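The following explanation is intended for a reader who meets this protein for the first time. Please keep the sequence and the model in view while reading.

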Amino acid sequence: MTELKERSEMDPAFEWDLSTLYKDDEGFEEALKAVDASIARTAAYEGTLNNAETIHAYLKESSALSLEMNNIFTYASLRRTEDTRDSKAQSMYGRAYAKYVEASAAAAFAEPEILSLPDEEINAFICNDELKDYRFYLQDLLRSKAHTLSAREESLLAQFGEVLANPGQVSDTLMDADMVFEPAEGQ
């Protein structure tokens, strides 16, 4: 029968190399604080998404925020999977998830705001060379117009991200950290 090793007993060759994201947990903490400025810059576009230049600037800012949030969330998520019993890693994951929800809620205005424009204008944006890097996004956005809520409703839904994710997260943690199974027969 194979015994499960504690994290401290693992060969480092089989551990995550998180240094490509952040040097250490302090680097993660700094990034978590610093992303607030990106969230604020993204949210500042509310009420202005009515021309190609502003939409382009918003989409660049939003994409940069998305990359920052992906790094933060990936680091915290991988730290949590190292040992789901580790309260520090659980805290990091929880704070990263909360920041992700905050960023989503702050940007929830954008799609309804763009979609409030006439379809002809959005189609003109799709053909605009300045927005060529976001062509697929804009086409997909226009296609989903009938299924997009108002800015207020989208923001409300985004704010429930943590609450709606909790049952699955609790279940995962319970199964990974607290449940002990007997060895399967025939090993």
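The model shown here is predicted. It contains eight helices and zero strands, and the order of elements along the sequence is accordingly α-α-α-α-α-α-α-α. The protein has 187 residues, of which 34% count as buried. Its accessible surface amounts to about 11,900 Å², and carbon and sulfur atoms hold 53% of that area.

How do helices pack against one another? Two packed helices are described by the angle between their axes and the distance between the axes. Helix H2 covers residues 52-82 and helix H3 covers residues 87-106. Their axes come within 8 Å of each other and cross at roughly 155 degrees. Since an angle over 145 degrees counts as roughly antiparallel, H2 and H3 are roughly antiparallel to each other. Their crossing is left-handed. On the side of H2, the contact is made by Leu65, Met69, Ile72, Phe73, Tyr75, Ala76, Ser77, Arg79 and Arg80. H3 contributes Lys88, Ala89, Met92, Tyr93, Ala96, Tyr97, Lys99, Tyr100 and Ala103.

A second pair is formed by helix H5, residues 119-127, and helix H6, which spans residues 135-143. The axes of H5 and H6 come within 8 Å and cross at roughly 160 degrees, an angle that makes H5 roughly antiparallel to H6. The crossing of H5 and H6 is left-handed. From H5, the residues in contact are Asp119, Ile122, Asn123, Phe125, Ile126 and Cys127, and they meet Arg135, Leu138, Gln139 and Leu142 of H6.

Arg79 belongs to helix H2 and is one of the residues through which H2 touches H3. Is Arg79 buried or exposed? Its relative accessible area is 10%, under the 20% cut-off, and therefore Arg79 counts as buried. Apart from residues up to four places away in sequence, Arg79 touches Leu18, Asp25, Asp86, Lys88, Ala89 and Met92. Of these, Lys88, Ala89 and Met92 are also listed for H3 in its contact with H2.

Thr81 is likewise in helix H2. With a relative accessibility of 45%, Thr81 counts as partly exposed. The side chain of Thr81 makes a polar contact of 3.2 Å with the side chain of Trp16. Thr81 and Tyr93 are 12 residues apart along the chain, and 9.7 Å separates their C-alpha atoms.

In helix H3 lies Ala106, which is partly exposed at a relative accessible area of 21%. Setting aside neighbours within four places in sequence, Ala106 is in contact with Ile39 and Ala43. Ser155 stands 49 residues from Ala106 in sequence, yet the C-alpha atoms of the two are 7.3 Å apart in space.

The last stop is a loop. Thr148 is located between helix H6 and helix H7, the latter being residues 151-159. The side chain of Thr148 reaches the backbone oxygen of Ser144 at 3.0 Å. Beyond its neighbours within four places in sequence, Thr148 has contacts with Pro112, Leu115 and Glu154.

Methods. Residues numbered from 1 in each chain as written. Predicted model: local features only at pLDDT ≥ 70, side-chain atom pairs only at ≥ 80, totals over all residues. Heavy atoms only, no water. Helix = DSSP H or I, 4+ residues; strand = E, 2+ residues; numbered from the N terminus. Buried < 20%, exposed > 50% of the residue type's maximum accessible area, 1.4 Å probe, protein only. Areas by Shrake-Rupley, 256 points an atom, 1.4 Å probe, with all protein chains shown as cover. Polar contact = N/O pair within 3.5 Å; in protein donor to acceptor, adjacent residues only side chain to side chain. Contact = heavy atoms within 4.5 Å. Axes fitted to C-alpha atoms, helices over the stretch in contact; angles between N-to-C directions. Parallel < 35°, antiparallel > 145°, perpendicular 65-115°, else oblique. Left-handed = near helix turned anticlockwise from the far one by under 90°.
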